[in-house]
Amino acid sequence: MKKVLLIMGSTRAGRKCPQITSWVKSLAKQVCPDFSYEIVDLATWQLPMDDEPGIPALGNYTQAHTLAWSEKIKAAAAVAFITPQFNWGYPAVLKNAIDHLYSEWREKPTIIVTYGGHGGTRCARQLRRVAASLRMNVVLTAPALELPDLVIREGAALNPAQDFRASIPKIERAFTELANQINDRESMLSTIKRKLKALLASIS
């Protein structure tokens, strides 16, 4: 099965990201059951800032953690960033994880799901701009989940199925778009391989 990585964008103490990401995963499995889904917690990935001597675009990684991160992203059919909005942008830990690599992101089907008191639309715009520059294939639909004020300011319990009920159709649409991208990409690669095989056969 093709694997979709759900990359959590927050490592902050008391974060809501694990709960929200698990809920998004459950929706994705219902809408697109033909794929497998793995949650990636950046808190468990030791990716120090700027510890590679070369620029990521060259791909000459020397650190074991960078090599492992590279393999993790390369092996995925697609990624979904589930991230909060911090001060109108996306968290540094997510930018650092993205910046550790370069070519691995190219043409990768991608979803951006944000959350926050205002839904995280500014965060999504910033992340989409970076992803576009890396030539990631970001789906059009970008769910923005609005955290209730009671959850943010008074520590009330979060109930994603209830609190984000209005966003469920958008999440489902985003994963449907992602599935279409994955399938279209696989079809294109299959066609290219078939034509290349035929060309090599004709030459030999």
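Guide: Begin with burial: a residue is buried under 20% relative accessible area, exposed over 50%, and partly exposed in between, with a 1.4 Å probe and protein chains only. Phe175, at 2% relative accessibility, is therefore buried. This is a predicted model, in which local features need pLDDT of at least 70 and side-chain atom pairs count only at pLDDT 80 or more, while totals for chains, interfaces and linings use all residues. Residues are numbered from 1 along each chain as its sequence is written, and side-chain values use heavy atoms, with hydrogens and water left out.

Visitor: Which elements hold Tyr37 and Phe175?

Guide: Helices (H or I, at least four residues) and strands (E, at least two) are DSSP runs, numbered from the N terminus. Tyr37 lies in strand S2 and Phe175 in helix H7 (residues 168-203), so the pair ties together parts that are 138 residues apart in sequence. Tyr37 is buried, at 10% relative accessibility.

Visitor: Next, charged pairs. How many salt bridges are counted?

Guide: Side chains of opposite charge can pair when their charged atoms come close. The cut-off for a salt bridge is a side-chain nitrogen of Lys or Arg within 4 Å of a carboxyl oxygen of Asp or Glu. The count is six salt bridges. In one of them, Lys3 meets Glu38 at 3.1 Å, N to O. Lys3 belongs to strand S1 (residues 2-8) and Glu38 to strand S2 (residues 35-41), so this pair ties together parts 35 residues apart in sequence.

Visitor: What other partner does Glu38 have?

Guide: Glu38 also forms a salt bridge with Lys72, at 2.7 Å from N to O. Here strand S2 is tied to helix H2 (residues 64-74), because Glu38 lies in the strand and Lys72 in the helix, 34 residues apart in sequence. Lys3 is partly exposed at 33% relative accessibility, Glu38 at 21% and Lys72 at 23%.

Visitor: Which salt bridge links Glu71 to a partner, and how far apart are the two in helix H2?

Guide: Glu71 pairs with Lys74, their closest N and O atoms being 3.1 Å apart. The two are three residues apart in helix H2, so about one helical turn separates them. Glu71 is partly exposed, with a relative accessible area of 47%, and the value for Lys74 is 47%. Through shared partners, salt bridges join Lys3, Glu38 and Lys72 into one network.

Visitor: Which charged residue lies over the face of Phe86?

Guide: A charge sits over a ring if NZ of Lys or CZ of Arg is within 6 Å of the ring centre and within 35 degrees of the ring normal. Arg12 lies over the face of Phe86, 3.9 Å from the ring centre. Arg122 takes such a place over Trp88, at 4.7 Å from the ring centre.

Visitor: Is Thr83 buried or exposed, and what does Thr83 touch?

Guide: Thr83, in strand S3 (residues 78-84), is buried at 0% relative accessibility. Contact means heavy atoms within 4.5 Å. Leaving out residues up to four places away in sequence, Thr83 touches Gly9, Tyr90, Pro91, Leu94, Val113, Thr114, Tyr115, Cys123 and Leu127.
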